[in-house]
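The points are grouped by topic.

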Amino acid sequence: MSTTVGAQQAAGDPPPSGKRRRRRRWLSWTVVTLLALWAIIRIGGLEQGSFLTQLVTATPYGAGLAALTALLCLARRNRPAALAAALVCAALVTVLVPRAISAEQPAANGAPLRVLTINLFGRGDAKTVVDLIRKYDVEVFSALELTHAEAERLDAAGLKQLMPYRVLQPEYGATGSGIYAKHPATELTGLFTPIGHNMPAATVTLPGGGKVEFVAVHPNPPLGRMEVEWNAALRALPPASSSAVRVLAGDFNASLDHRAFRDLLDRGYVDAAEQVGKGLTPTWPNFRPIPPIISIDHVLADRRVSVRRVEVVDVPRTDHRGVFAELRLP
């Protein structure tokens, strides 16, 4: 009896190798489906809530994961899953490739403007910051997470002589920000209502009389319940204006994969790094030995502005990399 039952079970059950193949196919299709949903959310701008908003920040790695999945499925002879994963990879790559290719620039022949933005983390190495400002002959510096002590260290390192004009709103924690300028700068009030950290605005008068309106940007990150506030903060930033040239620079806690950030660009701006093919260069977190993995620090300029050069720079003792942009105003 037992021998007969055992024989029937053996005859009725698929061999172990067949079970493993089914499990592998199920796993492959599960991964492909999740990647496809990721692509749909990113391309459709459908991210909602904190988790999905943070997930789309890693879209460049999603494209890489889709490519790896396609190769693994092909190696396991699951050609339908391999094809599906390859299509997902191609869809994600289409939104990434423009960031690595220099865009056509407008014919701007106005004054040059050299901008640097750094999230100082309250303790960024002041000497390195001042050395960068000297090296790139920076005219406007957007300083985020600017504490009172950090402002004193910057001036002691020589920033007071290099950039005597400033609109500062330092704090004792991460909410402080400031605008330092080589040329006369006056505080600009009523331009918008900041949401999150301090976000000072200033009108900078350039040699020759040209003016630019400048905002130091730093909304809270889209973590947990702050995701709603983060969206509101990006919506509150001023649009580009036909009557003034505006530049927004800082830690946006947002990447080009966020719909809210792309909506901001659609209001009349370009991302300087994307314009020169450096839109995939990550800026955070800049700890050692962990390399930066996402791009959330930006210089945004009026679409009429020409972007001549962008450099992403390291500053000791802060978890962000800085972004330098050389612009030419219309």
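In this predicted model, a nonpolar patch on the surface is formed by Leu34, Leu37, Ile40 and Leu46. Together these residues have about 390 Å² of accessible area. The points below begin with this patch and then turn to the cores, the aromatic pairs and one glutamine.

**Surface patch**
- Leucine 37, one of the patch residues, lies in helix α2, which spans residues 16-44.
- Leucine 37 has a relative accessible area of 45% and is therefore partly exposed, as this value falls between the 20% and 50% cut-offs.

**Nonpolar cores**
- In soluble globular proteins, nonpolar side chains tend to be buried together.
- The largest nonpolar core in this model has 30 residues.
- Leu113, Val299, Val310 and Leu327 have the most contacts inside that core.
- Valine 299 is in contact with Val115, Thr117, Val247, Leu248, Ala249, Val270, Asp271, Ala272, Val323 and Ala325, leaving aside its neighbours within four places in sequence.
- Another core, of 21 residues, lies apart from the largest one. Its members include Leu120, Val313, Val315 and Phe324.

**Aromatic pairs**
- The structure holds 3 aromatic pairs, and two of them are described here.
- Tyrosine 136 and phenylalanine 324 form a stacked pair, with 4.4 Å centre to centre and 20 degrees between the planes.
- This pair links distant parts of the chain, its two residues being 188 residues apart. Tyrosine 136 is in the loop between α6 (126-135) and β2 (140-144), while phenylalanine 324 is in strand β12 (residues 322-328).
- Tyrosine 136 counts as buried because its relative accessibility is 8%, under the 20% cut-off.
- Phenylalanine 252 and phenylalanine 261 form an edge-to-face pair, with 5.5 Å centre to centre and 85 degrees between the planes.
- Phenylalanine 252 counts as buried at 0% relative accessibility, and phenylalanine 261 is buried with a relative accessible area of 0%.

**A buried glutamine**
- Glutamine 275 is found in helix α10, residues 272-275.
- Is glutamine 275 buried or exposed? Its relative accessible area is 11%, so glutamine 275 is buried.
- Not counting residues up to four places away in sequence, glutamine 275 touches Ser102, Ala103, Glu104, Gln105, Val270 and Val307.
- Val270 is also one of the contacts of valine 299.

Technical notes:
Residues numbered from 1 in each chain as written. Predicted model: local features only at pLDDT ≥ 70, side-chain atom pairs only at ≥ 80, totals over all residues. Heavy atoms only, no water. Phe/Tyr/Trp six-rings, centres within 6.5 Å; stacked < 30°, edge-to-face > 60°. Helix = DSSP H or I, 4+ residues; strand = E, 2+ residues; numbered from the N terminus. Buried < 20%, exposed > 50% of the residue type's maximum accessible area, 1.4 Å probe, protein only. Core = buried A, V, L, I, M, F, W, Y, C linked by side-chain atoms within 4.5 Å. Contact = heavy atoms within 4.5 Å. Patch = residues over 30% accessible without salt bridge, like charges linked within 9 Å, V, L, I, M, F, W, Y side chains within 5 Å. Areas by Shrake-Rupley, 256 points an atom, 1.4 Å probe, with all protein chains shown as cover. Salt bridge = Lys/Arg side-chain N within 4 Å of Asp/Glu carboxyl O.
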